Amino acid sequence: MPSLSEGLPVVGVQALAKGLAIVASAIGGFQDLVVHNENGFLVETNHTLGFVQALEALLTDQALLKTFREYSLVKSREFQIEQIASKYEAIFRELIR
């Protein structure tokens, strides 16, 4: 997912939920979705060679790909509606104290 600007990309959250390894620009919401070298790679914008190398690593190392995919499934739990609602509830409770 090369991009120059992003908020929290829905497609990235969906990729996590499907257990995909992610190669994305090191910007915006991608930094919340991807833990570099754990479930994907964050690459500096406009660094074409970085994207090539990241994709090549995942295509040639099945063990690495499997590890990244498994961690994406774990990471996706942070974005489940129950988790998000609990975080908002905690913020609101703190504000009314």
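Q: Helices (H or I, at least four residues) and strands (E, at least two) are DSSP runs, numbered from the N terminus; in which helix is the place of Phe-92?
A: Phe-92 lies in helix H5, which covers residues 81-96. The model is predicted, so that local features need pLDDT of at least 70 and side-chain atom pairs count only at pLDDT 80 or more, while totals for chains, interfaces and linings use all residues. Residues are numbered from 1 along each chain as its sequence is written, and side-chain values use heavy atoms, with hydrogens and water left out.

Q: What makes up the protein chain, and in what order do its elements run?
A: The protein chain has 5 helices and 2 strands, and from the N terminus on the order is α-β-α-β-α-α-α. Its C-alpha trace spans about 50 × 30 × 20 Å along the principal axes.

Q: Why is the pair of Phe-41 and Phe-68 called edge-to-face?
A: The search of the whole structure finds 2 aromatic pairs. One of them joins Phe-41 and Phe-68, at 5.2 Å centre to centre and with 65° between the planes.

Q: Why is Lys-75 called buried?
A: Lys-75, found in helix H4, has a relative accessible area of 10%. Buried means under 20%, exposed over 50% and partly exposed in between (1.4 Å probe, protein chains only), so Lys-75 counts as buried. Across the 97 residues of the protein chain, buried residues make up 31%.

Q: Which residues does Lys-75 touch, not counting residues up to four places away in sequence?
A: With contact taken as heavy atoms within 4.5 Å, Lys-75 touches Leu-16, Asp-32, Leu-33, Val-35 and Asn-39. Its side chain also reaches the backbone oxygen of Asp-32 at 3.5 Å. For the protein chain, residues 24 or more positions apart account for 45% of the contacts with a separation of 6 or more.

Methods
Rings of Phe, Tyr and Trp (its six-membered ring) pair if their centres lie within 6.5 Å; planes under 30 degrees apart count as stacked, over 60 as edge-to-face and the rest as tilted. A polar contact is a pair of N or O atoms within 3.5 Å; within protein, one must be able to donate a hydrogen and the other to accept it, and residues adjacent in sequence count only if both atoms are side-chain atoms.
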